[in-house]
Amino acid sequence: MTEDQSQTTPPGTPSEELPTVDMQQFLEALGQAQIQLQEKEQQYTRLYADFDNFRRRTQREKEEIQGQAVGSTVLALLPALDNFERAKTHIQPETEREEALNNSYQALYKQLLTLMEKLGVVAMDVVGQPFDPKQHEAIAHEPSDLYTEETVVMEFQKGYFLGEKVLRPAMVKVATPQ
């Protein structure tokens, strides 16, 4: 190797000349690589968006199924809650033993109400409210001086919400004009 070659050739490279590259071909190849990269990036973005939509849809469906399961279970328990409320109005404890039994019953009733509340079940407040066929089931009508037409005047059976959805409509009596 000559002294000139050792000064111009970087250490570790062969002494033969490096191949020359046509700059036009290089730029074209670089442009093609850039286009392919953009296409892959668009594919990735679409795939990521599809997956994100799938994840959201699956989460929404899971919540709907869970809500339906809770709703059907609570709906099955509502007749028992109705019976507790009816019994509460009829119990008249006279002895100490009956009072103790009533207190046990009341504790169980409160526990059931607390459970319903934790599940998101809320009783409707209907008397004095305008009749709404989405929330009320009118089973009787009554002329009234106290209430305006189409106002709920009496509740026969409580209605309940599960969250914002009507779980069971209230059975009511509605005011009519005299």
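Trainee: Is V172 buried or exposed?

Mentor: V172 is buried, at 0% relative accessibility, where buried means under 20% relative accessible area, exposed means over 50%, and partly exposed is in between, all with a 1.4 Å probe and protein chains only. Before we go on, keep in mind that this is a predicted model, in which local features need pLDDT of at least 70 and side-chain atom pairs count only at pLDDT 80 or more, while totals for chains, interfaces and linings use all residues. Residues are numbered from 1 along each chain as its sequence is written, and side-chain values use heavy atoms, with hydrogens and water left out.

Trainee: Okay, and where does V172 lie?

Mentor: V172 lies in strand β6; strands here are DSSP runs of E with at least two residues, helices are runs of H or I with at least four, and both are numbered from the N terminus.

Trainee: Which residues is V172 in contact with?

Mentor: If we leave aside neighbours within four places in sequence, the contacts of V172 include V126, F131, H136, A138, I139, V152 and F156, with contact meaning heavy atoms within 4.5 Å. For A138, which is 34 residues away along the chain, the C-alpha atom is separated from that of V172 by 5.0 Å.

Trainee: Switching topic, how many salt bridges are there in the whole structure?

Mentor: A search of the whole structure finds four, a salt bridge being a side-chain nitrogen of Lys or Arg within 4 Å of a carboxyl oxygen of Asp or Glu. One of them joins K173 and E142, whose closest N and O atoms are 3.0 Å apart.

Trainee: Which parts does that pair tie together?

Mentor: K173 lies in strand β6 (residues 170–176) and E142 in strand β2 (residues 136–143), so the pair ties together parts that are 31 residues apart in sequence. K173 is buried, with a relative accessible area of 15%, whereas E142 is partly exposed at 32%.

Trainee: And which residues do salt bridges with shared partners join into one network?

Mentor: That network consists of D52, R55 and R56. The side chains of R55 and D52 meet at 2.5 Å, N to O, and D52 also forms a salt bridge with R56, where the closest N and O atoms are 2.5 Å apart.

Trainee: How many residues apart are D52 and R56 in helix α2?

Mentor: They are four residues apart, which separates D52 and R56 by about one helical turn, and R55 and D52 are three residues apart in helix α2, again about one turn. D52 is buried at 14% relative accessibility, while R55 is partly exposed at 44%, and R56 is partly exposed at 44%.

Trainee: What about aromatic pairs, how many does the structure hold?

Mentor: The structure holds four, where rings of Phe, Tyr and Trp (its six-membered ring) pair if their centres lie within 6.5 Å, and planes under 30 degrees apart count as stacked, over 60 as edge-to-face and the rest as tilted. F84 and Y105 form a stacked pair, 5.3 Å centre to centre with 20° between the planes. F84 lies in helix α2 (residues 23–90) and Y105 in helix α3 (residues 96–118), so this pair ties together parts that are 21 residues apart in sequence.

Trainee: Are F84 and Y105 buried or exposed?

Mentor: F84 counts as buried at 17% relative accessibility, and Y105 is buried with a relative accessible area of 13%. Ring pairs also link F84, Y105 and Y109 into a cluster.
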